[in-house]
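Reader: I am new to this structure. Please take me through one part of it closely, and then show me how that part sits among its surroundings.

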There are 2 protein chains.
Amino acid sequence: MVLIQINRRTNKIGFKTLPLENSLLHDSSQPGHLDIKQIRSSCATCSLRELCLPVGLNDQEIQILGDVVSHKRKVRRGGYLHQSGLKFQSLFAIRSGFLKTCVLEEDGRQQVTGFHMTGELLGLDAISTEIHTCDAIALEDSEVCEIPFTKLEEIGIIIPSLMRHFHKIMSREIVRDHSVMLLLGSMKAEERLASFLLNLSRRFFLRGYSETDFNLRMTREEIGSYLGLKLETVSRAFSKLQEENIITVDHKHVRINDINRLKIKMGNSSCIT
Amino acid sequence: MVLIQINRRTNKIGFKTLPLENSLLHDSSQPGHLDIKQIRSSCATCSLRELCLPVGLNDQEIQILGDVVSHKRKVRRGGYLHQSGLKFQSLFAIRSGFLKTCVLEEDGRQQVTGFHMTGELLGLDAISTEIHTCDAIALEDSEVCEIPFTKLEEIGIIIPSLMRHFHKIMSREIVRDHSVMLLLGSMKAEERLASFLLNLSRRFFLRGYSETDFNLRMTREEIGSYLGLKLETVSRAFSKLQEENIITVDHKHVRINDINRLKIKMGNSSCIT
DNA sequence: CGAGGCCTTGATGCACCTCAACCGACGTGG
DNA sequence: CCACGTCGGTTGAGGTGCATCAAGGCCTCG
């Protein structure tokens, strides 16, 4: 087993070999770098009820779900929520924070497959083989609710509306992936960035934040990886949009000055859903 | 309502306005172009038991599923199985034939999101909004089993292993989409084509066909759309692989002469799943 | 036979990649 | 304290892989 060390400033990750029994994810007593903690929580009082898995459930059903989703875990910036190749047991609902998922190729390149914020569900890809197929890495200190998948399937039998909503969430993920495929397959750099920003904007808005003024949690390189571009191209596209006064960029801070012109930039293509 | 007319040779589609009651998909009495027929079928005797939804079910469970999946429909080459924007009611399991799914943009461009063969499930994207988000078009005369989704959810409660397998199928679709995103985001034209051919090869093999010798059902343009390339580039990539004696191409017919070198061409990247 | 669809191949241009230099922010160590 | 290294970001110069445009061949069908 390895202990993951995170340089808090640079966000770089190092490894240290440890005896096997120091399990990566389940030993919350380990001091220091992997500070994943388990805390009782309840869906009933969660502010994300309307965004997350409990959508459409009544109070009693939420209670049942809340009993299954009994653990909260914290992941520090740069830390792994799960790693590719590890056994799948639970889905994770993001309670706070911001994460990316990415697949790592043998040659070291990584492709970001998604950025994820509060209320979203992680781990759906792992249901198929019961092995995680991607890494989930926190881009800022985050909290997630752990949802043991077998238990979710069990209570899904008791609560059909939960099962139904779960199917919709999985399906929505497929639709989202299709729109990213469309983006990667047919859009130009500037269109891709516009589409990306509009997608972020909408998701921040849904969560009660400003849709025109936000901080990016990811680097240019991570954006590029997600959009199928090199970081220089992303940077140039940012500059171009700024020159045209459509957005204002200052490092990680983005303000959308003219959301309509940004939508026009995106072209006729439908946005990432 | 519109009646779809298909030029059988050119595979082009025209529209004719009809009174509303001539429903597109459910009027099998309409002569001519939309010859979708309904035939009783049963999962119990289907040769695709091991590939399709019934995987892992016992005889009694298969009987229950078979009663729900009571209709077969035929779609002629060039015909729609479903269209973007229409209401979602059923999933479709492909019994025979070959289909593509594609999203159409407002400006007329279309992006192929997948090619689908026997035993595969179509319509998963529509669960989320209960509206189809893409078109499914037959690339050769095809037969599908219609699975009313609400009924599937109902019997899923009785047959947990069915529900579980269904979740795995949805998850597998997500994994597949991620690997296409990786392909579109980071591979070169030749790598993309190699990955595509190897994917087809494996899927034909799983169905008992030759893994080195098969006919493509789609045009260069459709391949290009799927792979994020122009048809000329696809054609050139075919020629290049042929020059190097890795494959032999004759119009739609492909023979893989050296599957290992084809895998090397694909690079270190993992194949489309 | 002609028309149209599908495919191939060549010539040219351009969007993005690659390489490189440089900047500012930040943390570290002498 | 400042010099230095590292990282993330920006910008420029030049190269290239693919798109675009165009011509022509093969095949099928009417």
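Author: Start in chain B of this predicted model, with helix α5 (residues 220-227) and helix α6 (residues 231-243). Their axes come within 8 Å. They cross at roughly 100°. Angles of 65 to 115 degrees count as roughly perpendicular, so α5(B) and α6(B) are roughly perpendicular to each other.

Which residues make the contact? From α5(B) come R220(B), E221(B), I223(B) and G224(B). They meet L231(B), V234(B) and F238(B) of α6(B). Sorted by class, this contact of α5(B) with α6(B) holds four nonpolar residues, one polar residue and two charged residues.

Now turn to the sheet in chain B. Three strands form an open sheet, in the order β10-β12-β11. The pairing is antiparallel. In general, strands of a sheet pair through backbone hydrogen bonds. At the edges lie β10 (213-215) and β11 (247-250) of chain B, and each of them pairs on one side only. On average, neighbouring strands of this sheet are turned by 15° against each other, direction ignored.

Look at one pairing in detail. β11(B) and strand β12 (residues 253-256) of chain B run antiparallel, joined by four bridges. One residue pair shows the link: V249(B) has V254(B) in β12(B) as its bridge partner. A helix packs on this sheet too: α4 (residues 189-206) of chain B. It touches β10, β11 and β12 of chain B. The direction of α4(B) makes about 100° with that of β10(B).

Helix α2 (residues 149-158) of chain A packs against helix α3 (residues 160-186) of chain A at an angle of about 125°. Their axes are 5 Å apart. At that angle, α2(A) and α3(A) are therefore oblique to each other. On the α2(A) side, the contact is made by F149(A), L152(A), I155(A), G156(A), I157(A) and I158(A). On the α3(A) side are P160(A), L162(A), M163(A) and F166(A). The residues of this contact divide into nine nonpolar, one polar and no charged.

How do the two chains relate? A rotation of 180°, with 0.0 Å of shift along its axis, superposes chain B on chain A, with an RMSD of 0.0 Å. The two copies are thus related as by a two-fold rotation axis. In chain B, the C-alpha nearest that axis belongs to I157(B), 2.6 Å from it.

How values were computed: Residues are numbered from 1 along each chain as its sequence is written. Chains are lettered from A and ligands numbered from 1 in the order in which they are written. This is a predicted model: local features need pLDDT of at least 70, side-chain atom pairs count only at pLDDT 80 or more; totals for chains, interfaces and linings use all residues. Side-chain values use heavy atoms; hydrogens and water are left out. Axes are lines fitted to C-alpha atoms, for helices over the stretch in contact, and angles run from 0 to 180 degrees between N-to-C directions. Helices (H or I, at least four residues) and strands (E, at least two) are DSSP runs, numbered from the N terminus. Angles under 35 degrees count as roughly parallel, over 145 as roughly antiparallel, 65 to 115 as roughly perpendicular and the rest as oblique. Contact means heavy atoms within 4.5 Å. Ala, Val, Leu, Ile, Met, Phe, Trp, Tyr, Cys and Pro count as nonpolar, Asp, Glu, Lys and Arg as charged, and the others, Gly among them, as polar. Copies are superposed by least squares on the C-alpha atoms of residues with pLDDT of at least 70 in both. Two strands pair if DSSP finds at least two bridges between them.
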